[in-house]
Amino acid sequence: MRYLKTIKQVLAAVAEPLHRNCTFAVFMYLLGCITAWATLPNVRGAHLYDNLYLELFLDVYVFTLILTLLPRKVMIWVRGFFYVVLYATAVVDVYCFVKFQSTLTPTMLQLVGETDSRESGEFLRSCVSPDVLMSDVGWVLLLLFVHVLTALRLRFPHFIPRRWRELIKSIWLRTCELLHRARPIIGTAVLTLLVWSVCSSAHNKAAMHKLMSGTTIGEVEHTLTEKDHAVLYQPVYRLVFSIYANTLTAKQIDRLVRTAKTVTVDSCSFRSPNIVLIIGESFNRHHSSQYGYVMPTTPRQQKLERQGRLVKYTDVVSPWNLTSFVFKHLFSLYCVGDKGEWCDYPLFPELFRKAGYHVTFLTNQFLPKAKEAVYDFSGGFFLNNPKLSAAQFDTRNTQLHRYDEDLLKDYDELKGQNTENNLIIFHLLGQHVAYRQRSPKEHKKFRGDDYKEMKPHLNARERQTLADYDNAILYNDSVVTEIVKKFENEDAIVIYVPDHGEECYEGDMHFFCRMHSAKIDARLAHAEFDIPMWIWCSRQYIKKRPEVFRQVVNARNRRFMTDALAHMLLYLGGIHARDYKEQYNLLSPEYDESRPRILKNTTDYDKL
């Protein structure tokens, strides 16, 4: 009998946090459900997150437990704080999803920091506009309204007619009596749900802890590439993550800003008056007909090569298979194996500006926008920070485009700002997934049926995806060729290099995109790290600088990793600076071809 009494007391204690904070628990649980339904449309079908209701129960219980452990006077203020934060975050998160088709992101938080009072006022006014109130935001506001009415009813019962007040009081007393009698049953149910929710949510909680334990934004981003990464299923978690991500980038920005202030150029001969760097995206070298691929994906580049002024490089790899990581290595004078981190070194556009070049950056990916994944945030934060952007670029485009060809229109509008010596950087969307969206209809030449003999093990959908990827390469071929034509009559040199490779049903694989968490073997390196690279020179450039063109030709079969590209660019600009290293310059007789090409800081490419 004594044991039975103890068990009842334990069960009652388990249910006590929910009992003492019943209103809080009910409304916060409903708020969690509403925001999940609004921002994860497939959650009802268990497609996006099938543990919503159990994990939400666990989260609400933890909140009520915290409140129960606090002294009553403190608890009232803490509970009020929870209400303000949870409701406000929910409204903003759902509003962002309605307006931008994206929940809270680190970029949104960054943009908020750059918002003035006028823009803040416009935002608040837009929140109460009729179209927003009729959207999913309205459900959150309706719940808040009901919650407020409930609180008023409890505190000011005289607002309610006497007859209704007595009925409500009678129902409330009977309910309390029934709940009191059923406390052991309720306690058992709560304990059962708690154990169930802890077991089913443990993995996601551990994944959240791992996500929030990264020391750099790159590490956090890489964690998100893992198959079982954390699901930030509630607005408050997305807010915390956004704050955390911005905190990490702020540390690296501070180091980059300090470095930018100390950048010095010893001398500059302006060896190349016009240097054009084209950065592609997700280009598997083995899908280029220029490198022997069976499908004619690069006919225009091959024609340029036959003309003798485009030099193809045969053994180039990327240090990473993630755009953001590659960009940090491309732009920084840091090379894998150097002391410190990439953010401890100058960014090459800073040196070009310091030397007297006019630097133009035209990107079709890295402009700050509300609907931006962590990957773009991680890759673009050091390009979009106001101080660092001003240190690197004189001219930038201001909007993204559906297709890369529109970047040429941007250049035509901005080229009037060019000076005698120019560095122009084009950053393309290239073959970024989804491949079908990367080429206009008139540029789609390949069809799924064209691959039946080449890839008999693929089904019709997979063959069409492969065709879409090759069509994106074919379209990219037309874009880069048009960029080259812009400089046909200039004293110019053009370098093309994509960020990394791409899987697209290589060998017998039924897979496309990239295997970020897989161990790097020879097959994976072949698909995801082997990239094309070429250098094109105008007739005028070759005539004036035959020795440079000879160096370009002589280096075509050298082993190279693109983390050292900045050093070659400085050489082409004739820029001498403290952090320039001759042994990293691909065109130099002193180039160190024996330097290990370490992929993802783990694997020696040449030993695979």
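Student: How many nonpolar, polar and charged residues does the lining of the largest cavity have?

Tutor: The model is predicted. By class, that lining has 12 nonpolar, four polar and one charged residues.

Student: What makes this space a cavity, and how much space lies in it?

Tutor: A cavity is a set of points where a 1.4 Å probe fits but cannot get out. The largest cavity holds about 170 Å³, and the search of the whole structure finds three cavities of 30 Å³ or more.

Student: Which residues are closest to the centre of the largest cavity?

Tutor: Met28, Leu56, Leu86, Gln234 and Val236, out of 17 lining residues. Two or more lining residues come from each of helix 2 (22-39), helix 3 (52-69), helix 4 and helix 12.

Student: Why is helix 4 called roughly perpendicular to helix 12?

Tutor: The axes of helix 4 (residues 72-100) and helix 12 (residues 235-261) cross at roughly 85° and come within 8 Å. Angles of 65 to 115 degrees count as roughly perpendicular, so the term applies to this pair.

Student: Which residues of helix 4 and helix 12 meet?

Tutor: Val85, Leu86, Thr89, Ala90 and Asp93 of helix 4 meet Pro235, Val236, Arg238 and Leu239 of helix 12. By class, this contact has six nonpolar, one polar and two charged residues.

Student: What makes helix 23 mostly covered?

Tutor: Buried means under 20% relative accessible area, and nine of the nine residues in helix 23 (residues 565-573) are buried. Among them are His567, Tyr571 and Gly573. Gly574, with a positive phi near 70°, follows helix 23.

Conventions. Residues are numbered from 1 along each chain as its sequence is written. This is a predicted model: local features need pLDDT of at least 70, side-chain atom pairs count only at pLDDT 80 or more; totals for chains, interfaces and linings use all residues. Side-chain values use heavy atoms; hydrogens and water are left out. Axes are lines fitted to C-alpha atoms, for helices over the stretch in contact, and angles run from 0 to 180 degrees between N-to-C directions. Helices (H or I, at least four residues) and strands (E, at least two) are DSSP runs, numbered from the N terminus. Angles under 35 degrees count as roughly parallel, over 145 as roughly antiparallel, 65 to 115 as roughly perpendicular and the rest as oblique. Contact means heavy atoms within 4.5 Å. Ala, Val, Leu, Ile, Met, Phe, Trp, Tyr, Cys and Pro count as nonpolar, Asp, Glu, Lys and Arg as charged, and the others, Gly among them, as polar. On a 1 Å grid over the protein atoms alone, a cavity is a set of points where a 1.4 Å probe fits but cannot get out, and a pocket is an open set with protein on both sides within 12 Å along at least five of seven lines; lining residues have an atom within 4 Å of a point. Grid points are joined across faces, edges and corners, and a volume is the space filled by probe spheres set on the points. Buried means under 20% relative accessible area, exposed over 50%, partly exposed in between (1.4 Å probe, protein chains only).
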